[in-house]
Amino acid sequence: MMARKNNNRGFLFALPVFSIIFFLLFSEVTLAGTVQCEYIPRDSSQHILYFADTDAGHQPWSKEMDEAACLAICSSEVSFGLKYQCVDHGFGSVISQDPPGCDATHTTCGPTDSPTLTVKCKFTPKKSDGSTRDGSWERLTPSESDCQKLCDDAIAVCAPSASFCGGIAGGICCDREKSTCEKKSAFAEPAAPYTFVSTTPNLEIPLPTLGAFADITIQGDAPNRYLLIPWLGQYIAAIYKYAIGIVGILSGIMIVIGGLLWLTAGGDAGKVSTAKSFIESSLVGLVIALTSYLLLYAINPKLTEFDSLRVNYIERVEDPIASSAASLAEDLPQDALTSGNHSAFITPEQYKLATGKDMPSKSDIIAMMDRIAQTKDIDKCLLDAIVAKESGYKPNRIGHDEDVARTQVGARRKFIDSGKKYSGATFTPNTDLYTQSFPNDDVFDPQSPPNFGLDVRFTHGIGLGQMTIIDEDHNGEIDRCPDGNIGREVGGTCLNVLELFDAEKTLEASADLIKKKLARFGSVERLFYRYAGGGCSARVSQCKKMKAYAECKGDSNLASKEREDCMSWLRENSDNCDNKDFR
């Protein structure tokens with residue numbers, strides 16, 4: 001009988017334990033987020049660089065992405081890393097240096113808590129009637145003043161005449177007064193609270209103690225936005241109330257049974273004891289059930305809180321892992337992704353095949369220039385300015401003039417007007433293609449003399465000094481050296497294409513050419529102008545070289561003056577630039 005008594009008590013004591021188990025189902029979920037990744041290329045003077053043309057992929061950017069993807073894109077250890085592109089690896093950095101390329105010491109790339117690029121700058125060229133022209137751009141800048149400076153430079157080369165459309169220095173056909181410069185925050189304001197429609201669950205077996213489920217609510221602002229789901233707490237609370245009712249009913253039944261046993265005991269002490277144990281156990285179980293809240297609170301106050309389930313709300317964003325390859329393709333210049341012939345460079349392997357030498361580093365090239373300038377008795381800064389602005393100290397640079405999408409480039413016009421590519425493929429000539437991306441398909445091949453895979457109908461610039469290989473229309477035939485290969489004669493010596501890639505040989509030839517032109521034209525300004533041939537493009541090239549020359553001389557005032565003079569000239573002469581000569 002005592003065993004039976006203990007079993008009844010154990011059953012009743014177990015009831016509140018089940019309630020504790022239900023409360024332990026409460027949990028909270030948290031999910032990981034992304035990082036803000038920022039890339040800002042800078043030069044050795046710590047100025048932010050806004051690249052264009054072949055290096056446009058290196059413009060500053062800021063975007064949210066997975067941290068691992070950010071670190072991979074920014075890496076300084078692998079060839080596709082953005083900071084890697086700014087390091088001299090013995091054959092020069094991948095980014096061209098016209099304007100001067102970035103300096104890895106000052107370039108920043110990686111996750112950031114406080115983004116620097118906070119202003120979205122948008123320039124929109126417009127006609128005099130207010131309609132929009134092609135050529136608009138958007139860039140991220142650190143401040144509104146930086147944005148305004150970029151816009152001022154763009155507006156300075158606006159020109160209403162058709163002859164200047166798509167021309168030098170990014171010149172476009174537009175009205176300076178009508179063109180606009182917009183500045184706004186690069187980061188959107190916090191989004192308004194979401195309108196969230198909750199679909200509440202329906203129970204197959206309803207609980208008498210459970211009313212209608214409450215709706216899900218949203219708490220906080222992005223990215224710290226949470227869904228508050230009350231259903232589990234409501235369900236547990238209803239089970240608790242239902243269990244209390246069941247315990248009360250069972251206790252009442254047990255008390256009634258105990259009373260009946262007592263009434264029918266007939267004075268039997270054993271039956272009376274059994275009846276008492278039924279009533280006692282029922283009362284103890286009922287008290288425990290009714291006081292379970294206090295018991296649970298004493299164990300852990302959290303066990304008595306029916307809080308809503310709190311889950312991070314995941315904003316819809318582009319999958320950072322799946323898009324990392326696409327991000328690399330967008331953010332890196334084309335020549336960093338391929339060894340293609342239409343980039344501005346041949347590969348280090350092709351350079352070695354062409355010259356039989358490893359590609360020299362920038363420091364090696366500067367040392368060569370010092371020595372050659374002294375040997376040739378010329379101003380070293382003349383040679384430095386030409387090499388810096390023609391090739392960016394890159395001995396592997398090759399210029400396909402027919403691929404330069406500018407109206408003022410004769411080789412470009414001739415190529416488009418011809419309607420025929422190097423491979424023989426034909427296309428319909430269209431003047432709109434003058435300023436669009438539409439390259440020829442010739443491929444430099446150091447093992448294919450005498451033309452080495454180049455389309456000799458058009459001029460090509462080769463090596464550090466970008467010595468021009470004259471096209472076949474010049475004097476009726478292409479320039480060739482005595483060995484039959486295409487090349488360039490300077491100072492009585494003919495260098496074929498392979499020799500023009502050789503850093504030392506092309507520097508010596510450039511020094512001879514500088515000496516010859518300086519004696520002929522009498523001034524540094526005219527030397528730089530005539531080095532690039534003539535016309536508008538040559539005038540811009542002259543501006544760049546004069547500024548580089550002044551910087552080499554350590555004359556910051558002259559460098560600043562040269563820049564202002566060039567910008568002033570562009571503003572004054574862009575309308576009929578093609579008709580001017582500055583010899």
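Buried here means under 20% relative accessible area, exposed means over 50%, and partly exposed covers what falls in between, with a 1.4 Å probe and protein chains only. K553 is a case in point: its relative accessible area is 46%, so K553 goes down as partly exposed. The structure is a predicted model, in which local features need pLDDT of at least 70 and side-chain atom pairs count only at pLDDT 80 or more, while totals for chains, interfaces and linings use all residues. Residues are numbered from 1 along each chain as its sequence is written, and side-chain values use heavy atoms, with hydrogens and water left out.

On the whole-chain level, the protein chain has 17 helices and 16 strands; these are DSSP runs, numbered from the N terminus, with helices being H or I of at least four residues and strands being E of at least two. Of the 583 residues, 44% are buried. The chain exposes about 29,700 Å², and carbon and sulfur atoms supply 53% of that; accessible areas come from the Shrake-Rupley method with a 1.4 Å probe, and for residues only the protein chains shown count as cover.

Next, the sheets. Strands count as paired if DSSP finds at least two bridges between them. By that rule β5, β4 and β8 make an open, antiparallel sheet of three strands, in the order β5-β4-β8. β5 (137–141) and β8 (180–185) sit at the edges with a single partner strand each, so one side of each has no neighbour in the sheet. From one strand to the next, the twist averages 20 degrees. Strand β4 (residues 119–124) is tied to β8 by six bridges, antiparallel, and F123 faces C181 in β8. Lying across β4, β5 and β8 is helix α3 (residues 144–156), which runs at about 15 degrees to β4; axes are lines fitted to C-alpha atoms, for helices over the stretch in contact, and angles run from 0 to 180 degrees between N-to-C directions.

T118 belongs to the loop between β3 and β4. Its relative accessible area is 30%, so T118 is partly exposed. With neighbours within four places in sequence set aside, T118 is in contact with T141, P142, K184, S185, A186 and F187. For T118 and F187, the C-alpha atoms are 6.9 Å apart, although 69 residues separate the two along the chain.

Further along, β15 (residues 487–490) and β16 (residues 493–496) run antiparallel and share four bridges. G487 stands opposite N496 in β16. The two strands make a hairpin with two residues between them, where G491 adopts a positive phi near 60 degrees.

Now for charges. Side chains of opposite charge can pair when their charged atoms come close. A search of the whole structure turns up eleven salt bridges, each being a side-chain nitrogen of Lys or Arg within 4 Å of a carboxyl oxygen of Asp or Glu. One of them joins E504 to R371, with the closest N and O atoms 2.9 Å apart. This pair links distant parts of the chain, with E504 in helix α14 (residues 503–521) and R371 in helix α10 (residues 362–376), 133 residues apart. E504 has 26% relative accessibility and therefore counts as partly exposed; R371, at 40%, also counts as partly exposed.

D379 and K553 form another salt bridge, their closest N and O atoms being 2.8 Å apart. Here two loops are linked across 174 residues: D379 lies between α10 and α11 (380–390), and K553 between α16 (535–552) and α17 (556–573). D379 is partly exposed because its relative accessibility is 24%. K545 pairs with E390 in a salt bridge whose closest N and O atoms are 2.7 Å apart. K545 sits in helix α16 and E390 in helix α11, 155 residues apart, and both K545 and E390 are buried.

S75, in the loop between α2 (67–74) and β3 (108–111), has 16% relative accessibility and so counts as buried. Beyond residues up to four places away in sequence, S75 touches G81, L82, K83 and Y84. L261, by contrast, is in helix α4 (residues 231–263) and counts as partly exposed because its relative accessibility is 31%.

Key:
Contact = heavy atoms within 4.5 Å.
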